[in-house]
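Open the model in your viewer and keep the selection tool at hand. Each stop below gives something to select and says what is there.

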Amino acid sequence: AQKVTQAQTEISVVEKEDVTLDCVYETRDTTYYLFWYKQPPSGELVFLIRRNSFDEQNEISGRYSWNFQKSTSSFNFTITASQVVDSAVYFCALSEARTTDSWGKLQFGAGTQVVVTP
Amino acid sequence: DVKVTQSSRYLVKRTGEKVFLECVQDMDHENMFWYRQDPGLGLRLIYFSYDVKMKEKGDIPEGYSVSREKKERFSLILESASTNQTSMYLCASSELNSSYNEQFFGPGTRLTVL
């Protein structure tokens with residue numbers, strides 16, 4: 001069975017500090033996809049990134065970066081020079097490659113609340 | 001601009017009432033999902049549908065049912081609401097190959113059952 005663990009419940013930082021969110025996953029599949037979503041106070045989850053299990057390249061998008069390490073089953077997310085607008089709940093999620101009974105369902109972690117103060 | 005809408009942002013119901021939560025998407029997506037979100041538990045899948053009139057149980061289907069009569073609309077039904085169903089409910093949709101494609105979420109409905 002697949003499982004996603006986000007051990008950090010809440011992280012508080014002061015603006016301009018960097019913050020790293022941890023995500024550890026478990027799956028028996030060799031083909032799977034990892035996602036990060038952001039949920040701002042408005043409530044709507046916003047897709048940030050997708051990574052497939054065969055692509056271990058790290059990725060940077062502006063102030064966001066992701067570190068995928070298959071050896072440790074981790075897909076960590078770093079916000080550089082945090083801003084107040086980064087305050088949100090961030091979810092890591094895992095999707096196994098579609099089979100007849102999985103339909104690519106997403107397994108979410110519990111989420112990490114990030115609070116950025118001015 | 002892609003959109004998933006939910007009929008209510010906030011809803012207050014009494015124990016035993018029948019509750020309908022509606023979700024509509026305008027992206028012609030085949031897949032639609034209903035999740036509930038509780039603190040410390042993340043999002044848990046209640047039901048999903050990969051086609052009109054088709055439905056599959058998720059991880060926590062007990063106490064819920066769903067209906068998908070049209071491709072764009074997916075309804076979550078609480079036949080007899082109970083206080084332990086007080087939660088945030090999120091609807092999502094995705095293209096058929098959903099293992100690769102991201103899910104698009106609605107704004108959520110915060111349901112309180114008194």
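The tour starts between the two chains, then moves to bonds and contacts within each chain. Keep in mind throughout that this is a predicted model.

**Stop 1: the interface**

Colour chain A and chain B separately. Select the residues of each chain that contact the other. The area buried between chain A and chain B is about 2000 Å². Carbon and sulfur atoms give 55% of that area.

Now look for charged pairs that cross between the chains. How many salt bridges does the rule find across the interface of chain A and chain B? It finds 1 salt bridge there. Select A:Arg50 and B:Glu102 to see their side chains meet in a salt bridge, N to O at 2.9 Å. Polar contacts across the interface of chain A and chain B come to 4 residue pairs, with both residues at pLDDT 80 or more.

**Stop 2: the disulfide of chain A**

Select A:Cys23 and A:Cys92, which are joined by a disulfide with S to S at 2.0 Å. The torsion about their S-S bond is about -65°, so the disulfide is left-handed. A:Cys23 sits in the loop between β3 (19-21) and β4 (24-26) of chain A, and A:Cys92 in strand β10 of chain A. The pair links distant parts of the chain, 69 residues apart. Both A:Cys23 and A:Cys92 are buried.

**Stop 3: salt bridges in chain A**

Select A:Asp86 and A:Arg63. The two form a salt bridge, with the closest N and O atoms 2.8 Å apart. A:Asp86 is in the loop between β9 (74-79) and β10 of chain A, while A:Arg63 is in the loop between β7 (59-61) and β8 (64-69) of chain A, so the pair ties together parts that are 23 residues apart in sequence. Is A:Asp86 buried or exposed? A:Asp86 is buried, at 1% relative accessible area. A:Arg63 counts as partly exposed at 24%.

Next, select A:Arg51 and A:Glu59. Their side chains meet in a salt bridge at 2.7 Å, N to O. A:Arg51 counts as buried at 6% relative accessibility, and A:Glu59 as partly exposed at 30%. A:Arg51, A:Asp55 and A:Glu59 are linked in a network of salt bridges.

**Stop 4: the disulfide of chain B**

Select B:Cys23 and B:Cys91. A disulfide joins them, S to S 1.8 Å. The torsion about the S-S bond is about -75°, so this disulfide is left-handed. B:Cys23 is in strand β3 of chain B and B:Cys91 in strand β9 of chain B, 68 residues apart. B:Cys23 and B:Cys91 are buried. Show both chains for a moment: the structure holds 2 disulfides over all chains.

**Stop 5: B:Gln25**

Follow strand β3 (residues 19-25) of chain B to B:Gln25. B:Gln25 is buried, with a relative accessible area of 3%. What does its side chain reach at 2.9 Å? It reaches the backbone oxygen of B:His29. A polar atom of the B:Gln25 side chain also lies 3.0 Å from the backbone nitrogen of B:Met27. Leaving out residues up to four places away in sequence, B:Gln25 touches B:Lys3, B:Val4, B:Met32, B:Arg68, B:Lys71, B:Glu72 and B:Ser93.

**Stop 6: a salt bridge in chain B**

Finish with B:Lys18 and B:Glu79. They form a salt bridge whose closest N and O atoms are 3.5 Å apart. B:Lys18 lies in the loop between β2 (10-13) and β3 of chain B, and B:Glu79 in the loop between β8 (73-78) and β9 (87-94) of chain B. The pair links parts of the chain 61 residues apart. B:Lys18 is partly exposed at 44% relative accessible area, and B:Glu79 is partly exposed at 44%. To continue on your own, search the whole structure: there are 10 salt bridges over all chains.

Notes:
Residues numbered from 1 in each chain as written. Chains lettered and ligands numbered in written order. Predicted model: local features only at pLDDT ≥ 70, side-chain atom pairs only at ≥ 80, totals over all residues. Heavy atoms only, no water. Buried area = accessible area lost by both parts, 1.4 Å probe. Salt bridge = Lys/Arg side-chain N within 4 Å of Asp/Glu carboxyl O. Polar contact = N/O pair within 3.5 Å; in protein donor to acceptor, adjacent residues only side chain to side chain. Helix = DSSP H or I, 4+ residues; strand = E, 2+ residues; numbered from the N terminus. Buried < 20%, exposed > 50% of the residue type's maximum accessible area, 1.4 Å probe, protein only. Contact = heavy atoms within 4.5 Å. Disulfide = S-S within 2.5 Å.
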